[in-house]
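Hello,

Here is the structure I promised to pass on to you. Have a look at it first, and then read on for what turned up in it.

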Amino acid sequence: MCGIVGYIGKRDVAPLLLEGLQRLEYRGYDSAGVVVAGKSGGLKAVKAKGRVRELEARIPKRFAGTTGIAHTRWATHGAPSDENAHPHLDTEGKVAVVHNGIVDNAAELRAKLEADGVVFASETDTEVITHLVARSQAGSLEEKVREALKVIEGTYGIAVMHADFPDRIVVARNGSPVVLGIGEKEMFVASDVAALISHTRQVVTLDDGEMATLKADDFRTYTTSGTRTTATPETVEWEAASYDMGGHDTYMHKEISEQPDAVDRVLRGRIDDKFSTVHLGGLNLDAREARGIRRVKILGCGTSYHAGLIGASLIEGLARIPADSEPASEFRYRNPVVDPDTLYIAVSQSGETYDVLAAVQELKRKGARVLGVVNVVGSAIARETDGGVYVHAGPEVCVVSTKCFTNTVVSFALLALHLGRIRDLSVADGKRIIEGLRRLPEQIQEILAQEEDIAKLAAEYADAKSMMFIGRVRGYPVALEASLKLKEISYIHAEAYPASELKHGPLALIEPAMPTVAIVPDDSLLEKNRAAMEEIKARSGRILAVAHQEQAKADHTIVVPKNEDELDPILMGIPLQLLAYHTALALGRDIDKPRNLAKSVTVE
């Protein structure tokens with residue numbers, strides 16, 4: 001999780017590092033720190049608990065230097081504090097390390113170092129790396145880092161400076177992203193291109209097991225065993241303005257409002273009207289191979305898992321292939337049966353989610369075919385999979401996902417249509433789904449136009465201590481995602497259940513103080529959903545319905561436009577994003593940076 005940024009060149013480094021940290025603050029925001037190589041030699045560090053603004057206030061006016069690294073932290077080992085903030089320096093103040101990830105054998109290594117007389121200044125696992133590098137007798141910084149990494153177990157993205165080697169920064173990656181930014185006689189490093197995009201769009205993304213040395217006018221990459229690797233810079237497609245708030249009060253509000261354009265973008269150039277299908281050239285899956293698929297297994301975490309549930313329903317409904325979605329964090333620990341006729345799909349907004357990436361690597365080891373559905377071009381999952389679909393949502397800065405969730409579900413609709421038309425889906429049904437997809441941007445805009453009314457509803461329900469979300473079949477994943485959104489940013493306890501399961505236990509919770517949000521599409525289960533609302537009203541429960549028409553049994557109804565049955569979940573999720581947003585706003589929450597959470601989860 002956490003954010004890394006570094007620079008080596010001719011410019012004053014502190015303002016560059018602070019700017020980079022501000023762009024990465026969504027990755028970690030409980031403490032931050034910077035270290036620079038002073039012009040007179042030696043390293044100078046400043047660290048602060050809290051947000052980047054607290055760090056900026058502490059930096060002295062005379063903090064000059066042209067080389068430095070910085071970090072914004074999401075705590076794993078040790079509570080947020082000045083001492084636990086990165087960078088971590090050795091006892092002599094000659095070595096500085098910033099680190100994303102977790103050192104699994106930190107306790108063992110710490111005990112050995114303490115037995116040798118090392119005094120630790122923090123509770124973190126990262127400080128172990130610092131002392132290992134400092135104690136190495138190797139003649140180069142690269143070899144010192146390499147020796148330290150040989151005894152490290154776990155995940156890391158690191159950047160290392162040494163006072164004796166002021167002309168370079170050494171970085172390494174294993175399971176946590178590291179991106180190099182290539183400039184004109186200056187080099188950057190970061191854990192996310194967001195920190196680089198204002199200065200360069202030429203980037204190199206390190207692979208696991210790869211290191212790099214950055215100098216002001218050069219860089220080289222190599223493996224942790226010392227073998228040189230070839231690195232060709234790629235051009236980042238996103239502009240710096242994509243990371244700005246664009247006049248909105250929060251990134252979440254901006255990203256919700258961007259969904260009509262984002263959905264239009266994921267559809268653009270992919271629809272084939274001649275054959276009532278879509279073009280997905282990145283799948284690397286020909287028609288014969290597609291017809292040989294006997295099952296689809298979708299793996300994701302959190303919001304991506306929920307998108308996968310809707311995706312599985314789309315694939316089953318349109319392609320008639322058995323499909324299901326499972327949390328990637330559980331998948332590889334249950335010793336799953338890996339079937340050669342199963343298509344596995346890994347879903348991740350960042351393309352770096354560690355649990356998903358680890359599942360992909362395990363599947364590839366066992367010979368499975370794995371596709372990726374990701375938002376970030378060149379991300380680890382995009383590189384590790386056999387092919388896939390980019391969701392083209394654009395940068396998503398808010399910790400909670402909105403537009404990327406929507407675009408991921410639309411991408412699954414495209415994939416389901418593609419597989420269906422290869423198999424048994426008729427031309428008429430293909431045309432019907434395409435027409436529905438084309439209506440989505442305008443219909444999403446219609447829903448966004450109801451924001452003022454939804455904000456008033458949010459104010460009515462903001463006093464709830466707990467809320468229930470229910471839906472059936474296609475509506476249930478919508479309920480799950482809406483429940484998660486409310487929890488994430490408002491801190492109101494929320495649970496989601498299939499509406500059919502109410503009478504099997506959850507009905508015991510219903511009372512006036514426990515509102516229920518019901519997903520009620522106009523489909524074959526409409527009367528079943530109305531029956532569930534009858535059960536709630538009979539127990540004096542309050543109901544907010546999200547439906548295609550006013551619901552008599554609901555206290556309030558948010559009416560959304562009707563699309564095709566298969567695509568309705570995409571639209572029914574949009575007003576619930578706004579409901580969560582305005583509930584959190586009414587409660588005064590820090591919407592873009594909810595407590596205890598970070599955007600890119602690159603640790604287990």
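Before the aromatic pairs, a definition: rings of Phe, Tyr and Trp (its six-membered ring) pair if their centres lie within 6.5 Å, and planes under 30 degrees apart count as stacked, over 60 as edge-to-face and the rest as tilted. Please keep in mind that this is a predicted model.

By that definition, the structure holds 2 aromatic pairs. One of them joins Tyr-7 and Phe-188, with 5.1 Å from centre to centre and 55° between the planes, which makes it tilted. Because Tyr-7 belongs to strand β1 and Phe-188 to strand β10, this pair ties together parts that are 181 residues apart in sequence. Buried means under 20% relative accessible area, so Tyr-7 counts as buried at 1%, and Phe-188 does as well at 3%.

Another pair is made by Phe-331 and Tyr-344: the ring centres are 6.2 Å apart and the planes stand at 55°, so this pair is tilted. Here Phe-331 sits in helix α10 and Tyr-344 in strand β20, 13 residues apart. Both Phe-331 and Tyr-344 are buried.

The charged end of Arg-110 sits over the ring of Phe-120, 4.2 Å from the ring centre. Likewise, Arg-595 has its charged end over the ring of Tyr-491, at 4.0 Å from the centre.

Finally, do look at helix α4, residues 126-135. Since 8 of its 10 residues are buried, the helix is largely enclosed by the rest of the structure. Among the buried ones are Val-128, Ile-129 and Leu-132. The buried residues of α4 pack against β5, β6, α3, α5 and β7.

Best wishes

Terms used. Residues are numbered from 1 along each chain as its sequence is written. This is a predicted model: local features need pLDDT of at least 70, side-chain atom pairs count only at pLDDT 80 or more; totals for chains, interfaces and linings use all residues. Side-chain values use heavy atoms; hydrogens and water are left out. Buried means under 20% relative accessible area, exposed over 50%, partly exposed in between (1.4 Å probe, protein chains only). Helices (H or I, at least four residues) and strands (E, at least two) are DSSP runs, numbered from the N terminus. Contact means heavy atoms within 4.5 Å. A charge sits over a ring if NZ of Lys or CZ of Arg is within 6 Å of the ring centre and within 35 degrees of the ring normal.
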